[in-house]
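Colleague: I am new to this structure. Could you show me how to read it, feature by feature?

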Amino acid sequence: MAQKKMHCDCLNTVKPVRDALDVISGKWKLPIIISLGVGNERFTDIQESIPGITPKVLAKELKDLEQHKLIKRTVLDEYPVKISYTLEPYADTLTPIIYSLKDWGLNHWKVVTGV
């Protein structure tokens, strides 16, 4: 019986962690969120702030983040038409996670390199 409870406890932790990682994992999603967080709103500004990201990949990742309610895409009715991207208030829930990952990454680098 205790074994079954431990198995359920493990699954009850693994599943939501896996779900969260499915939303924010990958090479580009967190850098995009960070770029938006520092004020980049235009597609080209976001792309220029993230070395190596292609326009095609950026467009796909922006759509993904919009579907997950983390960013908002706004079409500005101007000529020529302009599109801006901003973080949704819900994205603020990622801030402590991003800083925790930053701290962990800095500490991990020290552990691995001995510096």
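Modeller: Start with a term. A salt bridge is a side-chain nitrogen of Lys or Arg within 4 Å of a carboxyl oxygen of Asp or Glu. Keep in mind that this is a predicted model. Here is a case: the side chains of Glu 61 and Lys 29 form a salt bridge, at 3.2 Å from N to O. This pair ties together distant parts of the chain, with Glu 61 in helix H4 and Lys 29 in helix H2, 32 residues apart.

Colleague: Are Glu 61 and Lys 29 buried or exposed?

Modeller: Both Glu 61 and Lys 29 are buried. For Glu 61 the relative accessible area is 8%. Buried means under 20%, so Glu 61 qualifies.

Colleague: What does Glu 61 touch, leaving out residues up to four places away in sequence?

Modeller: Glu 61 touches Trp 28, Lys 29 and Ile 32.

Colleague: Which residues are linked with Glu 61 in a network of salt bridges?

Modeller: Lys 29, Lys 60 and Asp 64 join Glu 61 in that network.

Colleague: How many salt bridges does the structure hold?

Modeller: Seven. Take another one, between the side chains of Lys 15 and Asp 19, again with an N to O distance of 3.2 Å. Lys 15 and Asp 19 lie four residues apart in helix H1, so about one helical turn separates them.

Colleague: How accessible are Lys 15 and Asp 19?

Modeller: Lys 15 is exposed, at 52% relative accessible area. Asp 19 is partly exposed, at 36%. The cut-off for exposed is over 50%.

Colleague: Which residue forms a salt bridge with Lys 82?

Modeller: Glu 78 does, and the closest N and O atoms are 3.7 Å apart. Lys 82 is partly exposed, at 30% relative accessible area. Glu 78 is partly exposed too, at 38%.

Colleague: Now the nonpolar side. What is the general idea?

Modeller: In soluble globular proteins, nonpolar side chains tend to be buried together. In this model, the largest nonpolar core has 19 residues. Ile 32, Ile 33, Ile 46, Leu 62 and Leu 70 touch the most other members. Helix H1 (2-24), helix H2 (29-37) and helix H4 (55-67) each supply at least two residues of this core.

Colleague: Which helix gives the most to this core?

Modeller: H2 does, with four residues.

Colleague: What does Leu 70 touch, again not counting residues up to four places away in sequence?

Modeller: The list is Val 23, Ile 33, Leu 65, Thr 86, Leu 87, Glu 88, Tyr 90, Ala 91 and Leu 94.

Colleague: How do I check the length of a helix?

Modeller: Helix H5 covers residues 95-113, which is 19 residues. At 1.5 Å a residue, H5 should span 27 Å. The end C-alpha atoms of H5 are 27 Å apart, so the two values agree.

Colleague: What comes just after H5?

Modeller: Gly 114, which takes a positive phi of about 75 degrees.

Colleague: Where is Thr 95 found?

Modeller: Thr 95 is in helix H5. Thr 95 is partly exposed, with a relative accessible area of 36%.

Colleague: How far apart are Thr 95 and Gly 37, in sequence and in space?

Modeller: Count both ways. Thr 95 and Gly 37 are 58 residues apart in sequence. In space, their C-alpha atoms are 9.3 Å apart.

Conventions: Residues numbered from 1 in each chain as written. Predicted model: local features only at pLDDT ≥ 70, side-chain atom pairs only at ≥ 80, totals over all residues. Heavy atoms only, no water. Expected span 1.5 Å × (residues − 1). Core = buried A, V, L, I, M, F, W, Y, C linked by side-chain atoms within 4.5 Å. Buried < 20%, exposed > 50% of the residue type's maximum accessible area, 1.4 Å probe, protein only. Contact = heavy atoms within 4.5 Å.
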